[in-house]
Amino acid sequence: MNAGVIIVGAGPAGLMLAGELRLAGVKVIVLEKLPERTGESRGLGFTARTMEVFDQRGLLPRFGDITTSDIGHFGGLAVDFGVLEGAHQAAKSVPQSQTEAVLEAWVEELGADLRRGHEAVSFVADGDVVEVDVRGPDGESQTLRAAYLVGCDGGRSMVRRTAGFDFPGTPANLEMFLADVKGLDLEASMIGTTFPGGMVMVGPLPGGVTRLILCERGIPPQRRTAPPAYEEVVAGWKRVTGQDISHGEPVWVSAFGDATRQVTEYHRGRVFLAGDSAHIHLPAGGQGMNTSIQDAVNLGWKLGAVVQGRAPASLLDTYHGERHPVGARLLMNTQAQGLLFLSGAEVQPLRDVLTELIRYEVVSRHLAAMVSGLEIRYDVGGGSHPLLGRRLPNAELVGEDFKASGSELLRGGRGVLLDLADNAVLRRRAARWADRVDIVTAAPHGRAEDGPLAGTAAALVRPDGYVAWAAPGTHDDLPTCLERWFGPPR
C-alpha cells in the first residue's frame, strides 16, 4: 500500500486529520487538486472549543497574537459568552488562510505527504484496500492504495458522491454575498444590521481590508460557475443600505446560500467523511470550520489506533455515533439563526422575546455553549460523574516535578490517565496500556474543592480531550474502559 490513510482535501479538516494521524504514527497522503492555497478566507476566527483543541496540540503560539472576545451572538442577538466559566475566549478575525498555513506547516513537520495539484478523480473500495485514481499536475494518472479513504473535499464532495452516501436536506432559498474589500470606511457591525430589504455585516480585517456580508431578501439563489462580480455586491448593498461602496477595491468575492444537508452515515466500510463533505449549512456564528476541525480530531485518533493495530475496527463506529448528533444540532441551530437573522419584520416579535430571555444567565450559557462547541457530551457509558463524556476542564495540575495544564498533557495525541489521589493500585491496573496511555499523578493547583476537578479522584482522557472514565461515579471499571477505547492490553 502507498499509505495507511488517503485524505482528499487540504482544507482545515483534511489538514487537522493528517496531523492527528501522524501523531498516531500512520503514514498519510493528502491529495489537494489546487496547486497552492487560494489565500481566501471564508472562515474567520475560532470558537472556544477549537481554541482548546489547538491548545491541546500546542498550535496556538503559531498564530501569534490572537485577539479574543467574550462577546458573541445568536442569530444577530448579542450573547455574553463570558458566562462560560473556565473556557478560552473565542478568537476573532483570524483568517482561514492563516489557519490553513499554520496547519499545513504543522502536518509537514510531522511528516505527512501533502500533494498539491493532485486531484482524486475516482476510487474503488474493494476488500481491505481502497484504490484511488489520481490526476497529477501535468495530467498524468496514477493509482494509489490505502487501507482507508477520508473525504474532506467540501460540500460538493467527490468522495461522498462516488461512495453513494445519502445527503438529505433542504436546498438553498436565498443567496448571500461575501466580499473582502480595500478602501472602505464603514462602521463595524460584527453581528449584523437588519434593514427592511435585508441584512448586512461589516468587519474590519488586517491590512486595511473590510469584510462585507450581504443578504438581500427576495433574491433567489443562482447556480453559479464563477464568483459574482463586485458590481453585484455594490448594487445590492446600495439597495439594502443606501450606501455607495463602488469606490472599494475588491480582494475577492464569493456567494453562498442556506442549503442545509447532512449525510445519514459518516462512514461506509473503509470510506469516511468529515467536515463540509458530511454537512453543509448557513455559516451562522462561524461554526462550520470549527465543527469540521472537531470532526477531524474525533476521527483521527480512532482511525490511527485501528490502522496501527492497537484497537479493533469497531472503534470506528463511534465516529458516526458521536459526530452525527453534533452535526444535526449544528444544522438545527444554524437554521434557527437564519430565521432570526435573515427574516423580515414578521419575525421581530420573536427577536424581542428571545432578547428578553437572553438576559437570563442560564439562557445565555445554553446558547453560548451550543455555538462554542462546549455543550458536547458523548455517550461513553453509564455513570453519574459530571465529567463523563465531556471535555476535560483546562485546570492547572501540579505533579512531583512538573506543573502543566490539562491541555499540555495532550500534546502528543495520546490518552491520559489522571491519577488525582496518588492511587498506586489504579496505576498498576493501567500499566498494561502504558504504550498508548500516559499515566500522570498530579493534583489540581490551588483549592481543589473549588476547581473544575472537585470531587474527582481519577479520570481517563481520550486523545481528543474527552473524559471516557472518571472516579468515583463510572459504572464500568477502569480496565474495561481502557480496552473499549484503546484496545486490548499488550
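**View 1. Gln308 is partly exposed, with a relative accessible area of 33%.** Partly exposed lies between two cut-offs: buried means under 20% relative accessible area and exposed means over 50%, with a 1.4 Å probe and protein chains only. This is a predicted model, in which local features need pLDDT of at least 70, side-chain atom pairs count only at pLDDT 80 or more, and totals for chains, interfaces and linings use all residues. Residues are numbered from 1 along each chain as its sequence is written, and side-chain values use heavy atoms, with hydrogens and water left out. Gln308 sits in the loop between helix 6 (287-307) and helix 7. Helices (H or I, at least four residues) and strands (E, at least two) are DSSP runs, numbered from the N terminus. Which residues touch Gln308, leaving aside its neighbours within four places in sequence? They are Ala24, Gly25, Val26 and Arg490. Contact means heavy atoms within 4.5 Å. Lys27 is 281 residues away from Gln308 along the chain, yet their C-alpha atoms are separated by 9.9 Å.

**View 2. The whole protein chain has eleven helices and 28 strands.** Its radius of gyration is 23 Å, close to the 23 Å that the globule rule gives for 490 residues, so the chain is as compact as a globular protein of that length. The radius is taken over C-alpha atoms, and the globule rule is 2.2 Å times the number of residues to the power 0.38. Along the principal axes, the C-alpha atoms fill a box of roughly 70 × 60 × 40 Å. Of the 490 residues, 52% count as buried. Take the contacts between residues at least 6 apart in sequence: 69% of them join residues at least 24 apart. The chain exposes about 20,800 Å², and carbon and sulfur atoms supply 51% of that area. Accessible areas come from the Shrake-Rupley method with a 1.4 Å probe; for residues, only the protein chains shown count as cover.

**View 3. Strand 16 (residues 209-216) is largely enclosed by the rest of the structure, because eight of its eight residues are buried.** Both faces of strand 16 are covered. Val209, Arg211, Ile213 and Cys215 are buried on one side. Thr210, Leu212, Leu214 and Glu216 are buried on the other. Strand 13 (residues 175-182) runs antiparallel to strand 16, joined by seven bridges. Two strands pair if DSSP finds at least two bridges between them. Leu178 has Ile213 of strand 16 as its bridge partner. Strand 15 (residues 198-205) is also antiparallel to strand 16, with eight bridges. The hairpin of strands 15 and 16 has three residues between the strands, and in it Gly207 takes a positive phi near 75 degrees.

**View 4. Strand 1 (residues 3-8) has six of six residues buried, so it is largely enclosed by the rest of the structure.** Strands of a sheet pair through backbone hydrogen bonds, either parallel or antiparallel. Strand 1 pairs with strand 11 (residues 141-151) in the parallel sense, over five bridges. Look for Val8 and its bridge partner in strand 11, Gly151. Strand 1 also pairs with strand 2 (residues 28-32) in the parallel sense, over four bridges. There, Val5 has Val28 as its bridge partner.

**View 5. Three strands form an open, antiparallel sheet in the order 3-7-4.** Strand 3 (44-46) and strand 4 (68-69) stand at the edges, each with a single partner strand, so one side of each is left without a neighbour in the sheet. Two bridges join strand 4 to strand 7 (residues 90-95). Thr68 stands opposite Ala91 in strand 7.

**View 6. Ser343 lies in the loop between helix 7 (317-342) and helix 8 (348-358).** Is Ser343 buried or exposed? Ser343 counts as buried because its relative accessibility is 13%. Leaving aside neighbours within four places in sequence, Ser343 is in contact with Arg217, Gly338 and Arg351.

**View 7. Asp422 has a positive phi of about 50 degrees although it is not a glycine.** Asp422 belongs to the loop between strand 24 (415-419) and helix 10 (424-430). At 56% relative accessibility, Asp422 counts as exposed.

**View 8. The peptide bond from Ala471 to Pro472 is cis, with omega near -5 degrees.** Pro472 is found in the loop between strand 28 (467-471) and helix 11 (478-486).
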